[in-house]
Amino acid sequence: MHLSEITHPNQLKGLSIHQLEEIARQIREKHLQTIAASGGHLGPGLGVVELTLGLYQTLDLDRDKVTWDVGHQAYPHKLITGRYNDFHTLRQKDGVAGYLKRSENPFDHFGAGHASTSISAALGMALARDAQGEDYKCVAVIGDGALTGGMSLEAINHAGHLPDTNLLVVLNDNEMSISPNVGAIPRYLNKMRLSDPVQFLTDNLEEQFKHLPFFGETFTPEMERVKEGMKRLAIPKVGAVFEELGFTYMGPVDGHNLEELIESFNKAHHIKGPVLVHVATVKGKGYAIAEKDQVGYHAQKPFDLATGKAYPSKKPTPPSYSKVFAQTLITLAEENPKILGITAAMATGTGLDKLQAKLPKQYIDVGIAEQHAVTLAAGLACEGMRPVVAIYSTFLQRGYDQIIHDVCIQKLPVFFCLDRAGIVGADGPTHQGLYDIAYLRCIPNMTIMAPKDEAEMQQMLVTGVEHTSGPIAMRYPRGSGYGAPLMEEGWEALPIGKGEVLRSGDDVLLVGYGTMVYPAMQVAEILSEHGIEATVVNARFVKPLDIELIGPLAERIGKVVTLEEGCIMGGFGSAVVEALMDADVVVPVKRLGVPDKLVDHAQPNESKADLGLMPSQMAETIRKSFFAESKSRLAV
């Protein structure tokens, strides 16, 4: 059977180990070819090919439910659930999503782009099953990195309290999240993987029993229990920990041995109550280059399969915001030993891996634990340290109560650096950083800023580190800057709550925030070509907002447009409207930003075009809103 013929996972039933191994080879081949051509997550899916095939052969996917944590590891799942022919469209506009998506496929039982959710979701499904008197299997597949997230431990704690609720948790243990895992739990699992007694007993125990008198080739159920008991006595107590929490523990199982996987899953399905099968896998399995560099090949841009090297850019690009952030923070941290960079398992993504390499004592990785990261920073701030919490905008949502309860109420000087703010592209709705302006600006004591370019980011980093009267946040986008000249040192802090005028005109006031300042300048140029002259303000701060600058300009010019790369509801434009009303400045305001809809996966400019946020589109919107009587017409 060829992989392309599999449109339903139940077609795996009855296939021999040899046939499954051939399907596994084809999955890896298709996976590698697709990611090499268009980019995407590489290592996670390669590591779970056999796990996926072995698990699915033991299930009836017309009835049974499988919840995958995050979705990084679900590409093999997608390839055997009817998406083979469309897989080349992975992470492209209107194509196959990079994460699980309930609306995309009936076998995507739960959507997720953030870690540590699968056990909670699967347990919810299991309880719903029992409440409705139904009978099907509920399975959660979770990586060991996701166990560093408190939510997964909360779910384990709850499930262990329900001995009559059948639930299978498959722990995909590859010692990695994106980067190597940190913390006591991954370290404990690693002890078990590498334990000599485990290896000896796993490989040799049955053989040793066979040579004892009275036993021979077959084992009675009683002797099977003796064998498992002896094995457990010889291993570290990690299995016992799960058992004490109410789970039946099985493993570790070789995650690339289909026969062992199928046998283990079949046994697990016949055990009453919550069961955890510990599966040891290799991230990047089957592609030697990815196996050797598991961090670098977690995800890749298009690359040459033969060499593993990314294709060179057609032209040089300015440094990324993350790189500028890291380099500037290192310089500041060298001068101030109280500065500490904090990441939640995203060292490479945020650039803090560079801080770790240069100043390891001023670097903290808490694992996939954003809530803990925020409150940890609060504790550090209490004792005079200068914590810089670098977390993606979409991931900081997970620590929202901690921002309010532990930081803002206590007015602690924690500096939040929100990477990937705005439209991020191929990762889709779970990763679009569109809500941070709205969810932060409503909190008392919080100061919020966004740079127009990478040079202004350097100034804002100084501003954030020197701001000691309360919490402060800076949002910045994914990708390259504008090529603004950078300084190696000597940056000065910006005055809190002060914007700047970049261009003057008497017909309309354009107030841009962060990534929309440069587009505002482009809009002004387009309008100027048609006789409409605009004043452009770089707001810099949404809270406090520079109403002393914006108010008189709005009153004089009489027409205002706000531009933001974030949700319109409660966002920057709302802040401007509220401030103008409070100042009794009554003028028409047009807000340009992301409307009340989810932004799907696509290239950022494709999404912006769909939203009407390209400069030519915004100029046309402004003309229609305020200058409809003008005979000139702008090209969209």
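The questions that follow concern salt bridges and accessibility.

This is a predicted model, in which local features need pLDDT of at least 70, side-chain atom pairs count only at pLDDT 80 or more, and totals for chains, interfaces and linings use all residues. Residues are numbered from 1 along each chain as its sequence is written, and side-chain values use heavy atoms, with hydrogens and water left out.

Q: Why is the pair Glu-22 and Arg-25 called a salt bridge?
A: The N to O distance is 2.7 Å. A salt bridge requires a side-chain nitrogen of Lys or Arg within 4 Å of a carboxyl oxygen of Asp or Glu, so the pair Glu-22 and Arg-25 qualifies.

Q: Why is Glu-22 called partly exposed?
A: Its relative accessibility is 30%. Buried means under 20% relative accessible area, exposed over 50%, and partly exposed in between (1.4 Å probe, protein chains only), so Glu-22 counts as partly exposed.

Q: What makes Lys-93 and Asp-610 a salt bridge?
A: The closest N and O atoms of Lys-93 and Asp-610 are 3.4 Å apart, which meets the salt-bridge cut-off.

Q: How do you know whether Asp-610 is buried or exposed?
A: Asp-610 has 53% relative accessibility and therefore counts as exposed. Lys-93, at 33%, is partly exposed.
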